[in-house]
Amino acid sequence: MDIVLTLLATLLVPLFPGSWAFNRLIASLPTGLAQGLAVLVLPQLGLEVLRFAPPASLEPAGWRPWGMVWAAASALLYAVRALSARDVGIWSRLMLSSGLGLIWFVWWTGASMQALRIFALSWGVPAAVALFLAGALVDRLGGARLGLQGGLLEVMPRATTALVLAGLALTATPVFPAFFSLWRGLVSVTPAWAVIWLPLIFLWGWAAGRLFQDLLFGDYRGEKVADIGVATIAAIGLLLAVSVVLSLGASGGLS
């Protein structure tokens with residue numbers, strides 16, 4: 001029963017190969033708000049399942065390094081896949097799967113459930129924002145694939161700004177919650193793990209650069225479309241700001 005609970009958790013807190021089912025489920029939902037809510041709720045449900053499984057500290061010590069390697073490899077796999085993604089929704093899901101894969105890494109180090117929940121929200125909140133904005137692009141442009149019409153900054157400056165902020169947050173840029181969650185994971189392991197962490201951070205930055213290149217640069221060639229409302233971007237900015245404040249406040253009490 002214990003192994004069943006752990007395997008079920010890998011479907012909700014994506015860890016390869018269970019992450020395949022997670023991404024298929026998210027993709028099957030309507031683009032936009034439904035997908036955004038799902039990426040917030042499902043990982044938290046997965047952690048609730050994991051709470052009833054034996055903690056990693058009770059596993060044989062020899063298993064822990066292999067579990068951590070598995071989690072890091074899963075994160076690297078999805079970071080590599082995100083490099084070729086040009087659809088905002090697909091890119092967001094792949095980056096989320098990469099970030100959430102590290103929850104298992106931190107779990108193997110014996111982190112508290114509170115730390116894991118905040119870790120999940122650190123990636124879940126910006127992913128939810130990005131997926132919501134992907135729905136806005138689909139409604140206005142017929143799709144969320146970037147680069148087809150040129151840069152969107154000219155025609156949708158508010159949506160573009162919100163997507164840039166969400167993309168920076170998803171790639172653990174300093175100031176955003178994922179950075180602090182990642183930092184707590186770094187300080188809990190030996191420097192030898194840098195051989196995995198450094199390429200992962202590089203890949204995230206590369207994936208963000210490719211997304212921003214399609215999003216920001218080039219002359220827009222499509223029809224004129226309505227931008228998201230001022231109230232919408234204000235709500236997105238407030239949500240991201242609150243997540244930063246909460247992450248900073250929680251950083252001192254997490255282990």
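At 36% relative accessibility, Ile 201 counts as partly exposed, a label for values between the cut-offs for buried (under 20% relative accessible area) and exposed (over 50%), worked out with a 1.4 Å probe and protein chains only. Ile 201 lies in helix H9; helices here are DSSP runs of H or I with at least four residues, numbered from the N terminus. Between Ile 201 and Ser 122 there are 79 residues in sequence and 16 Å in space, going from C-alpha to C-alpha.

A quick word on the model itself. It is a predicted one, so local features need pLDDT of at least 70 and side-chain atom pairs count only at pLDDT 80 or more, while totals for chains, interfaces and linings use all residues. Residues are numbered from 1 along each chain as its sequence is written, and side-chain values use heavy atoms, with hydrogens and water left out.

Now for the inside. Nonpolar side chains tend to be buried together in soluble globular proteins. Here the largest nonpolar core has 83 residues, and Leu 102, Phe 105, Trp 123 and Trp 204 have the most contacts inside it. Helix H6 (residues 113-141) gives this core its largest share, 15 residues. To be part of a core, a residue must be a buried Ala, Val, Leu, Ile, Met, Phe, Trp, Tyr or Cys, joined to others through side-chain atoms within 4.5 Å. Take Leu 102: with neighbours within four places in sequence set aside, Leu 102 is in contact (heavy atoms within 4.5 Å) with Ala 75, Phe 119, Leu 182, Trp 197, Leu 200 and Trp 204.

Asp 214 sits in helix H9, which covers residues 194-216, and it counts as buried because its relative accessible area is 17%. Leaving out neighbours within four places in sequence, the contacts of Asp 214 are Arg 86, Leu 146, Gly 147, Gly 150 and Gly 151.

Next come the charged pairs. Side chains of opposite charge can pair when their charged atoms come close. A salt bridge is counted when a side-chain nitrogen of Lys or Arg is within 4 Å of a carboxyl oxygen of Asp or Glu, and by this rule there are four. Glu 48, Arg 51 and Arg 117 are linked in a network of such bridges. In the pair of Arg 51 and Glu 48, the closest N and O atoms are 2.5 Å apart. Both residues belong to helix H3 (residues 33-51) and are three residues apart, about one turn of the helix.

Arg 117 counts as partly exposed, at 23% relative accessibility.

Elsewhere, Asp 227 forms a salt bridge with Arg 158, and the closest N and O atoms are 3.9 Å apart. Asp 227 is in the loop between H9 and helix H10 (230-251) and Arg 158 is in helix H7, so the pair ties together parts that are 69 residues apart in sequence. Asp 227 is buried at 15% relative accessibility, whereas Arg 158 is partly exposed at 32%.

Helix H7 deserves a look of its own. Buried residues in H7 include Ala 159, Thr 160, Leu 163 and Leu 170.

Most residues other than glycine have a negative phi, and most peptide bonds are trans. Ala 172, in the loop between H7 and helix H8 (177-187), has a positive phi near 60° and is buried, with a relative accessible area of 10%. Val 175 is found in the loop between H7 and H8 and has a positive phi of about 95°, but Val 175 is exposed at 54%. A cis peptide bond, with omega about 5°, joins Phe 16 and Pro 17, and Pro 17 is in the loop between H1 and helix H2 (18-28).

Methods
Helix = DSSP H or I, 4+ residues; strand = E, 2+ residues; numbered from the N terminus.
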